[in-house]
Amino acid sequence: MEKSEFMDEDFLLATETARELYHNCAEHVPILDYHCHISPREIAEDQRFENIARIWLSGDHYKWRQMRSNGVNEAYITGDAPDFEKFCQWAQTLEKAIGNPLYHWSHLELQRYFGYHGTLGTETARKVWELCRKRLLQEDMSARGIMKASNVTLVCTTDDPADDLYWHEKIRQDESFQIQVLPAFRPDRAIAIELPDFVAYMQQLGQAAELKITDFADFLDALHKRMDVFQELGCKASDHGLLYVPWMEQDDDEAAKIFAAKLRGEVISQEEVLKFKTAVLLWLGREYEKRDWVMQLHFGVTRNNNSRMFHKIGPDTGFDGIYNQVPITQLSKFLNALCQDENLPKTILYSLNPGDNAALAALMGCFQEAGALGKIQQGSAWWFNDHKHGMEEQLTTLASLGLLGNFVGMLTDSRSFLSYTRHEYFRRIFCNLVGDWAEHGEYPSDWNLLEQLVKDVCYNNAVRYFGFALECV
């Protein structure tokens, strides 16, 4: 077998069919990023980045974890060390990241945005730093310029119900910018009644909704009002970050009593927490169905495992992990309750535990129905799974137990404007998988069928599923 060059144009494409599918089709399909964490303010202000460390290392807990694994002092990770020294520490770490998606992502970003096709390591750090510094000075390397160069048509950010959405309004009013930037409704804090800042958050939510929250009815009214504002700005999706989707028998009267007790400062039992969360999630699910919003459920994450570092530098800094397999029976009861009342919205299920793949793919088949292709979706391989093996496993499980042709495809789940290469990474893996099946006679080598499949999974399915105002390709 002929030796391949490092990350050349046929990177990850092992067969002729895979290469044709990627280069003649997937490579030219636009990017629709329906779930990310980039800042709408940075888009509105067309943020520029002083150096590669600012755009690469600031806020990237993926890289921070690996730097800690390489024994790097925290001053060079989240501390106040000079940017170049932080970058050198990352370059040194990257040399050891064989088999890690960060090795591939980092070099794809260097290739696509900076024109650098070498490798990054200790010996090349200064050269790459200077090349990137000069490139970032050029006009097209602002936040908006990067999005345009990446062929992005639409992104959905992640926004709290209490957010005033000021920057979304500014973007919408700017007719010079053609990429759609829509808010996504992320009411995690509104559901987390067990947290000590829940009552304080009720004040924030009430202020945003221009009402005083004194009881459960006010609380739901505030959420409803905020959802109206999100919808006016084009919102098509919600998103929930959960340990698991809870289910406990309850009713609205119980939820109201639990809410009132929390406002009075009383201690809420674990059973009451689960009852409240179940009631609120059911109410939200019904609202999403009325509005034709997609409900995204991200679960299976253990948060802030290192309490010492959590208290030192806060959440989302690289100390989260994978929960043991989620209680599928509770998820089933939750979906079933909405389904029985014909209030089940389009739903995407993401588990951080790859051991849940088959159970989720089987469960979603129980709740499919007319009105949407793949109404219940298994989300793309997420966070600790968005590597080559994880993506292949998610895709093959979905293909085995569902309809891969209706899959809504990849997202970045990222805070970086350079992360659009994750779509390229996914597309190469997807084309390689499909190409292999076609070449081994497991699917027809029919170009029209294969081309449509690639276009649909990479773009068209998401356009149709979310109902975005975009043309299919």
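**Figure 1. Overall dimensions of the predicted chain.** In this predicted model, the chain has a radius of gyration of 23 Å, which agrees with the value near 23 Å for a compact globule of 473 residues. The C-alpha trace spans about 70 × 55 × 45 Å along its principal axes. The secondary structure comprises 20 helices and nine strands. Of the contacts in the chain with a separation of 6 or more, 77% are accounted for by residues 24 or more positions apart.

**Figure 2. Surface and charge of the chain.** The accessible surface comes to about 20400 Å², and carbon and sulfur atoms contribute 47% of this area. Buried residues make up 55% of the 473 residues. The charged side chains number 47 positive and 70 negative. The centres of these two sets lie 5 Å apart.

Figure 3. Strand S2 covers residues 152-156. Five of its five residues are buried, that is, under 20% relative accessible area, and the strand is therefore largely enclosed by the rest of the structure.

**Figure 4. Pairing of strand S2 with strands S1 and S3.** Strand S1 (residues 31-33) runs parallel to S2, and three bridges join the two. Within this pairing, Leu 32 stands opposite Leu 154 in S2. Strand S3 (residues 180-182) is also parallel to S2 and is joined to it by three bridges. Here Cys 156 stands opposite Leu 182 in S3.

**Figure 5. Position of Cys 235 in its loop.** Cys 235 lies in the loop that links helix H12 (216-232) to strand S4 (237-242). Its relative accessibility is 2%, and Cys 235 therefore counts as buried, the cut-off being under 20%. The C-alpha atom of Cys 235 is separated by 5.7 Å from that of Leu 182, a residue 53 positions away along the chain. Leu 182 is the S3 residue that stands opposite Cys 156.

How values were computed: Residues numbered from 1 in each chain as written. Predicted model: local features only at pLDDT ≥ 70, side-chain atom pairs only at ≥ 80, totals over all residues. Heavy atoms only, no water. Helix = DSSP H or I, 4+ residues; strand = E, 2+ residues; numbered from the N terminus. Rg over C-alpha atoms; globule rule 2.2 N^0.38 Å. Buried < 20%, exposed > 50% of the residue type's maximum accessible area, 1.4 Å probe, protein only. Contact = heavy atoms within 4.5 Å. Areas by Shrake-Rupley, 256 points an atom, 1.4 Å probe, with all protein chains shown as cover. Lys, Arg positive; Asp, Glu negative; His and termini not counted. Charge placed at Lys NZ, Arg CZ, Asp CG, Glu CD. Pairing = 2+ DSSP bridges.
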